[in-house]
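Q: Please show me how to read the features of a structure, one at a time.

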Amino acid sequence: MANKLEIILTSIDGKIYHDFIDALYVDIPDSGVMGILPNRIPLISLLHIGTLYTIKDGYKKYYAFSGGVLNYKNSVAKVLCDTFESEDEIDVKRVLEAKTRAEEKIKQIESTDTVEYDDADFALKKAINRLKIKQ
């Protein structure tokens with residue numbers, strides 16, 4: 001498709017989103033939000049917890065993801081994520097409950113238990129990220 005960018009979002013559990021879009025904006029660690037247009041230079045980047053949005057026919061669609069890799073080449077953006085959700089899929093009530101659980105767990109963890117702390121911190125950051133795109 002002329003002047004379109006192909007996007008393929010895939011999560012490790014097999015969830016796939018595929019479309020042809022006008023532009024992609026993705027949260028790149030240490031760089032901020034980077035815009036990607038069709039027919040631009042190749043790019044490979046690790047992704048942390050963050051967001052991306054697509055523009056198609058003048059409309060924006062937001063996604064929250066929890067880490068992964070972006071590979072862009074020949075107007076094809078492949079994003080392999082641990083998880084991703086579109087703004088339409090996010091249940092705010094469920095996310096707020098997950099945020100509260102993570103905050104409570106962080107308060108209860110022993111300072112020497114770095115593994116449990118990291119898990120709870122990851123869950124908290126994921127919840128906060130998902131809430132960002134619902135505001």
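Q: In which strand is Val 69 found?
A: Strands (E, at least two residues) are DSSP runs, numbered from the N terminus. Val 69 is found in strand 6, residues 59-73. This is a predicted model, in which local features need pLDDT of at least 70, side-chain atom pairs count only at pLDDT 80 or more, and totals for chains, interfaces and linings use all residues. Residues are numbered from 1 along each chain as its sequence is written, and side-chain values use heavy atoms, with hydrogens and water left out.

Q: What is the mean pLDDT of the protein?
A: pLDDT is the predictor's confidence in each residue, from 0 to 100. The mean for the protein is 92, and 99% of its residues reach 70 or more.

Q: Why does Val 69 count as partly exposed?
A: Buried means under 20% relative accessible area, exposed over 50%, and partly exposed in between (1.4 Å probe, protein chains only). Val 69 counts as partly exposed because its relative accessibility is 34%.

Q: How many aromatic pairs does the structure hold?
A: Rings of Phe, Tyr and Trp (its six-membered ring) pair if their centres lie within 6.5 Å; planes under 30 degrees apart count as stacked, over 60 as edge-to-face and the rest as tilted. The structure holds 4 such pairs. The ring centres of Tyr 53 and Tyr 62 are 5.0 Å apart and their planes are at 35°, so this pair is tilted.

Q: Is Tyr 53 buried or exposed?
A: Tyr 53 is buried, at 17% relative accessible area, whereas Tyr 62 is partly exposed, at 26%.

Q: Which residues form one aromatic cluster?
A: The cluster is formed by Tyr 17, Tyr 63 and Phe 84.

Note on methods
Helices (H or I, at least four residues) and strands (E, at least two) are DSSP runs, numbered from the N terminus.
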